[in-house]
Amino acid sequence: MDRFDVCLPYILKEECPLPNDWSNHHNYSDDYGDPGGPTMCGITQREYDLWRKGHSLPTQDVIHLGKDEGTAIYRIGYWLPRCPSLPPGLDLFFFDTAVNMGSNRAVKLLQASLGITVDGLWGPVTAAHVAAIKDPIPILKDEENRRARLYESFGTFHLFGKGWLARDHHIASIAEGMVA
């Protein structure tokens, strides 16, 4: 089975309360404190507009996002091209970080945990260090801690911090289980 198909359900569990029914309005949020704005199953209106424009489709309200488009956005926008080069477990954690914090931050957190220059660019040095990973567990633990500290630095931590930290720990636990 494709690792994307293995990992996506864990992401959707965090982002989409009813992942088997993308048309359900309970999967939509527009929380006043969330800088992402209107969101459906974890996909923001901004992301959805960019996706549709990039595919020569008219923009529409994100509440109309369907499973096929949402899955494609997750695969192309967050999973590819980096996750397939990561070992099992680390691929899930990186994927979740990219979805929740952005791909650039995901790269920076990974670089910091690898002990290399943190520039947010996945170049030959990052690729070589990833290819040399023998045991992803210490990297996962370090990333979990770094991600928690980063969450704590966000101005909206008082609104969403408890959930973010729970997500961080939950995804890290699943990721560590995938390593074995």
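Strands are DSSP runs of at least two residues, numbered from the N terminus. In this predicted model, strand E2 covers residues 39-40, and threonine 39 lies in it. Confidence in the prediction can be stated briefly. The mean pLDDT of the protein chain is 96. A value of 70 or more is reached by 100% of its residues. Among the elements of the chain, E1 has the lowest mean pLDDT, at 95. Helix H6 (residues 124-131) has the highest, at 98.

The sheet comes next. Three strands form an open sheet, in the order E1-E2-E3, and their pairing is antiparallel. Strand E1 (28-29) and strand E3 (43-44) stand at the edges. Each has a single partner strand, so one side of each is left without a neighbour in the sheet. E1 and E2 run antiparallel and are joined by two bridges. Strands of a sheet pair through backbone hydrogen bonds.

Threonine 39 shows the setting of E2 in detail. Across the pairing, serine 29 stands opposite threonine 39. The relative accessibility of threonine 39 is 10%, so this residue counts as buried, the cut-off being under 20%. A polar atom of its side chain lies 2.8 Å from the backbone oxygen of glycine 37. Not counting residues up to four places away in sequence, threonine 39 touches Asn27, Tyr28, Ser29, Thr44 and Val62.

The largest nonpolar core has 43 residues. Those with the most contacts inside this core are Leu65, Tyr74, Leu92, Phe94, Phe95 and Leu110. At least two core residues come from each of H1 (3-15), H2 (45-54), H3 (67-79), H4 (90-101), H5 (103-114), H7 (137-153) and H8 (157-179). H4 gives the largest share, seven residues. In soluble globular proteins, nonpolar side chains tend to be buried together. Tyrosine 74 illustrates the contacts. Leaving aside neighbours within four places in sequence, tyrosine 74 is in contact with residues including Phe4, Leu8, Trp22, Ile43, Phe95 and Val99.

Helix H5 can be followed from end to end. H5 has twelve residues. From its first C-alpha to its last, H5 reaches 16 Å, close to the 16 Å expected at 1.5 Å a residue. Its buried residues are Ala106, Val107, Leu109, Leu110, Gln111, Ala112, Ser113 and Leu114. H4, H6 and H7 are among the elements that cover them. Just after H5, glycine 115 takes a positive phi of about 75°.

Terms used. Residues are numbered from 1 along each chain as its sequence is written. This is a predicted model: local features need pLDDT of at least 70, side-chain atom pairs count only at pLDDT 80 or more; totals for chains, interfaces and linings use all residues. Side-chain values use heavy atoms; hydrogens and water are left out. Helices (H or I, at least four residues) and strands (E, at least two) are DSSP runs, numbered from the N terminus. Buried means under 20% relative accessible area, exposed over 50%, partly exposed in between (1.4 Å probe, protein chains only). A polar contact is a pair of N or O atoms within 3.5 Å; within protein, one must be able to donate a hydrogen and the other to accept it, and residues adjacent in sequence count only if both atoms are side-chain atoms. Contact means heavy atoms within 4.5 Å. Two strands pair if DSSP finds at least two bridges between them. pLDDT is the predictor's confidence in each residue, from 0 to 100. A nonpolar core is a set of buried Ala, Val, Leu, Ile, Met, Phe, Trp, Tyr and Cys residues joined through side-chain atoms within 4.5 Å. The expected span of a helix is 1.5 Å times one less than its number of residues.
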